[in-house]
Structures are given as C-alpha cells and as structure tokens.
2 protein chains.
Amino acid sequence: MKTRFTEMFGVEHPIVQGGMQWVGRAELIAAVANAGALGCLTALTQPTPEDLSKEIQRVKDMTDKPFAVNFTILPTLKPIPYDEYMDAIVQSGVKIVETAGNNPKVHMPKLKEKGIKVIHKCTSVRHALSAQKIGVDAISIDGFECAGHPGEDDTPGLILIPRAADQLDIPIVASGGFADGRGLAAALALGADGINMGTRFMATREAPVHPNIKEKMVNASELDTTLIFRTLRNTSRMFTNSVSEKVVSMEAEGKKIDEIGPIASGQRGKLVYEEGDSEAGVWSAGMCIGLIDDVPTVKELVDRIVGEAEDLISQRLKSIVA
Amino acid sequence: MKTRFTEMFGVEHPIVQGGMQWVGRAELIAAVANAGALGCLTALTQPTPEDLSKEIQRVKDMTDKPFAVNFTILPTLKPIPYDEYMDAIVQSGVKIVETAGNNPKVHMPKLKEKGIKVIHKCTSVRHALSAQKIGVDAISIDGFECAGHPGEDDTPGLILIPRAADQLDIPIVASGGFADGRGLAAALALGADGINMGTRFMATREAPVHPNIKEKMVNASELDTTLIFRTLRNTSRMFTNSVSEKVVSMEAEGKKIDEIGPIASGQRGKLVYEEGDSEAGVWSAGMCIGLIDDVPTVKELVDRIVGEAEDLISQRLKSIVA
C-alpha cells in the first residue's frame, strides 16, 4: 500500500505501533520495523535518559529500518526530566518522533534542527490544528475507542477521522479502535493515510507482556474496558479489573488524586506485564480488545492486516460498486 | 451499489433513513423512497393508530417504492397502545418494519404472518444475537455516536460493526455516526451491508424541521451533543442547549425522573421542530452533526453519498492498493 504516510516516513505499510508505557521496548519495536510498519519505542518506559539511549541502540542493533521514539508529556505524580529525555532522543540519530500528551511546541526547534519528523498524537481536531501550525509533520488522531488517554471529548474515530481529514493538510494516522484489515480499509476510506495500533500489538508474540495478560486480552470482549480518572479530567481507558473498578468507585465517592493515584499508578507495570498478574494494578486496553482473538507474531499480524485490507478493497468493495 | 441489504429490501441504495420521533413523517419518507433509499415512517409520531394508518396512506400516495415503518418501544411517561399501533401497521400493507427499543418478540407472529420483513435496531451484539434468534431479517446496529438512544455500553461503530459482522448471519445496517460517502465506504469495509442515518436526513429540504433548527445543525460541531438520562440508564444523545445542560446538572444533583422528565420530555417537539425554537426542549442529534455543512434535497444527499462512496472505492482506495 502506498499513502502519504508510507511516502513521508519511508515504511512499507501504513501501520504504526503507537507508544505504550512499559510495553514499547526494543524487541517489539524492532519486530514492527522488520515487518515493514513503524514501531515507536516509548521513551519514558526507560528509567533514565541514559537507559533510553541504550534502548535506542538496541533497536538499531536489531533492524536497519525506520522506527520512532514516543515522547509523552502527561500529568505524573513525580517530576520527569523531559528535556534530558528529549536530548537523548535527538542525539541518538532517530529520524522520527511521536509526541503525545501536551503540544510539543517547546521541543520543536531541537527536533527540526536535526531534521527529525514529528507525528503528534492528539484527541481533537482543534489540538491537531494547533500542532499542524507549529510544524509537526503528521497527526495521529486518537478516538474515544483508544487505550490510555482518549481525552475528554469522547469523539469516536468514525467522526474524528473525517473531521480531521477535512481540516488538516498534513498526513493523518487514525488511532483508536483498530485491530484488523477491516479497520485499516475503513480508516483509509474515512480519509486517513494510515492506522495506529497499540492494544493489538500487545497481543503479539514479541510484545514484552506476560502470556497470562495476552490470554486475558484474547478472551476479553469490547465491553471489558473501563474509563478511570474522568473526575480528574485525565481520563484513561483501562482493562476492567478489580483495581479499575475500585478507582471508579473512589472517584464516585469524590476522592482526590492523592488518595486515588497510589492505587492506580503505573508502578505496578512490572507485576502486570512481567509477572502476569492482571489484577496487580490498572493497565491500558482499547475497545478493539473485543476484536483480538489470537497472539500472532508481529509479522503475521502486519501481513494479515494489510492482506485483508487489500482483499476488501479489490474484492468485496469492488463487487459492491460493480 | 448492490449488497445483501439492497437485495433483501428491494431498494436501489444501501441507505436507511431511520425512525425519528416528530421528524419521520410522510413527506420525508416518500422523498427518501423516491431517491432510492429506505425511509422509515415513525409510528409513534402519530397521535393515534388511526392517524398512523392515514400517514402510511399519505406515503403511498407519494411513492410506489418500498418504505418502512419504525416501531419503537421505550420507557415513556404515559402508557402507549403499542398493540393497536402494531395492528395499524400490519393492516396497512407495509412490507418492512424497523423495530427498536425492546426486543420485538411479542410482535413477531403478527409481522411474520403478513410476510413483513423486520429490521431490528439495537446497540449491542448480544441484543442483535437475541433478535436474530427470534427471526428478524436484518439488524441495524447502533453505535455510541448516534442520536437518541445509544444504550449503556458506549461502543462506537468502529468496534461494534465488525463485532456484529463476526457474530451475525443476517444483513447488518451500520447506524450512528454516518453522514457522507466516506462513512458509507467505511461501513461497507467494516462488514456492514448498508448504513442508517437520522441526523443527516434532518438537515434536508424535505425534513419537517424548522429552518432555524437546520441552521443550528449546519453550524454545529461534533462537540455539540450531550448525553442525558445517564443516571436513569436510559441514555439519550441530544443537541447541546440550555435544556440538555439543565437536565445534566439535575442528574448530577441526584434528581429523579419525576422531576427531570417534565423538563426534558418530547412534548416540546412542536415548539422545536415546527416553530424553530432550539431552546424549547431537548432534541436528538448525533455526533455526525459535525460532518453536516448544508441542507440539500434528499435526492441530492443520497446521490452525493453513493457517488462519493463509489468514487472512494474505485479511485482513492484502488490507487492505495495498486
């Protein structure tokens, strides 16, 4: 497939594996790159900027194809040395950065000076327009369906993607709700130049996620996600478990961040993703979890999605029009 | 276009104009039928079963093409003689009925005896499977984006449509979030056999809606809808106005239906739709309101949507794959 996205970023397929805290590590990113899609290493998964530099090098050791680093600025309980992480990125020779959370304006001069292409992920058309204005190269527009942070507008992809396509001039990656070739074909029809997937890539062989968690994902339906932190205006879509339910009930009781935060914080990533205890804390999952039925290799997944979308376009859709 | 939907219902285009309280009257339904799509007359918009019989006859006087009657069973403040409305429908010679709200099981024998085809509209895969089991002919699966009643699952079409396509054997109409040819092409890619639109048809010349309201719709964005009645588990998506805001704040205060109901009830349909006072009460609008920029005739709209979808499939999508 050839779109403005594949052309701009020099990848074979219009598919991005988006930044995922704890999960976006070198093995997964290299597998995605080698499968011809664009993987995003998650900067803040690395405990220090030095560790990030080493992790970027690890990806380079495993692939010579393009890959990106995700750089997410979000409210956190402890301060993070964002500038130092950004320095590690720009000095690493990485050619693509995915920004998310806040507008990346303050970091743009450093990025542009190095000729680094920027994909900014956001959840509304107005934020996408602001990002286009400050010179990002592409927008990843993230709908209500997505894992992690869907924003506070609750606009699903069916609306958000064509609205973004109407307003933006730069390439658009459709994010949230995608897990198969039907979604890819639909996104392209809606005006996107590619799709971003996180949850679907979690359930691949190469993802650094415990088999228990992958099994939970395969068995889950589209009804097994929960929005937490609504009351804090920092909404996050999580897999429904005892912890997410507890957080929601604490919010309903009017509890504040200093009480809720420690219950829900990502500190439990190790217990969930590495040790496979799905109840050890909250963990992100998008609604497309209902469309996930297996744990293929990254290459099997990418090839299947592209093949399915191509077949849909050249067979099913063509025959409807004929 | 030719799909299982167009074949089963004998219409030219895979487009349904879904039931809309107050708006689904003879002139609009006949215009939709004459444009080659499937219009649904809304049974309960008529004050009595006798009025419904007359309204069905009015449609027949304006078109000889197929059309449907929408029959919605929902919680209401005053009791409604559903059986008498259903008798008026089956005795009218109408060949297609759209059911919504509750499962239509009790009405199926009457409908099937007359050879009437049933499209059941629902908001979850489990309800769709129940409806398929009792013998409905097609499912209209209604996503979180929709106007009126999206249910309580909050599952958008990007997830709901492929999930329904995976589970159901009968034709599927994708509903909620559709307003243009991009949406039609996307729905077909996701596995639907057609699309249902309500809000988009409200902003047509033939819709019995005051020009002030149509102008409000043209100027609105995807952020201008509000969910009311969440606390009553009878969620409804409405145009954002002073009344919907008041209802939401009454709900937040824990007020109950006997206080909220009179504020929000559909009794104000005449003031809103006929007299054009957009603040006279709550009125339904889907998120696709952000994709509506004009007030065409029904035929212009239907032709444009089909043409746009055909062009997308045979040009844009084809060139991406080539």
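The model shown is predicted: local features need pLDDT of at least 70, side-chain atom pairs count only at pLDDT 80 or more, and totals for chains, interfaces and linings use all residues. Residues are numbered from 1 along each chain as its sequence is written, while chains are lettered from A and ligands numbered from 1 in the order in which they are written.

**View 1. The barrel of chain B.** Here eight strands form a closed barrel with parallel pairing, in the order β1-β2-β3-β4-β5-β6-β7-β8 (chain B). Helices (H or I, at least four residues) and strands (E, at least two) are DSSP runs, numbered from the N terminus. On average, neighbouring strands of this sheet are turned by 25° against each other, direction ignored. Axes are lines fitted to C-alpha atoms, for helices over the stretch in contact, and angles run from 0 to 180 degrees between N-to-C directions.

View 2. Strand β3 (residues 68-73) of chain B runs parallel to strand β4 (residues 96-101) of chain B, and six bridges join them. Look for A68(B), whose bridge partner in β4(B) is I96(B). Helix α2 (residues 26-34) of chain B packs on the sheet and touches β1 (15-17) and β2 (38-42) of chain B; its direction makes about 165° with that of β2(B). Two residues are in contact if their C-beta atoms, placed from the backbone, lie within 7 Å.

**View 3. Helix α8 of chain A.** Ten of the ten residues of helix α8 (residues 181-190) of chain A are buried (20 or more other C-beta atoms within 10 Å of their own; exposed means 12 or fewer, and partly exposed in between, with C-beta atoms placed from the backbone). Among them are R182(A) and L188(A). Just after α8(A), G191(A) takes a positive phi of about 115°.

**View 4. The surroundings of D224(B).** This residue sits in the loop between α10 (211-219) and β9 (225-228) of chain B. D224(B) counts as partly exposed because it has 18 C-beta neighbours inside 10 Å. Not counting residues up to four places away in sequence, D224(B) touches F239(B), T240(B) and I289(B).

**View 5. Where the chains meet.** The contact takes 37 residues from chain A and 37 residues from chain B. On the side of chain B that touches chain A, α14(B) gives the most, with eight residues. The predictor gives the complex an ipTM of 0.96 and a pTM of 0.97.

How values were computed. Pairing = 2+ DSSP bridges.
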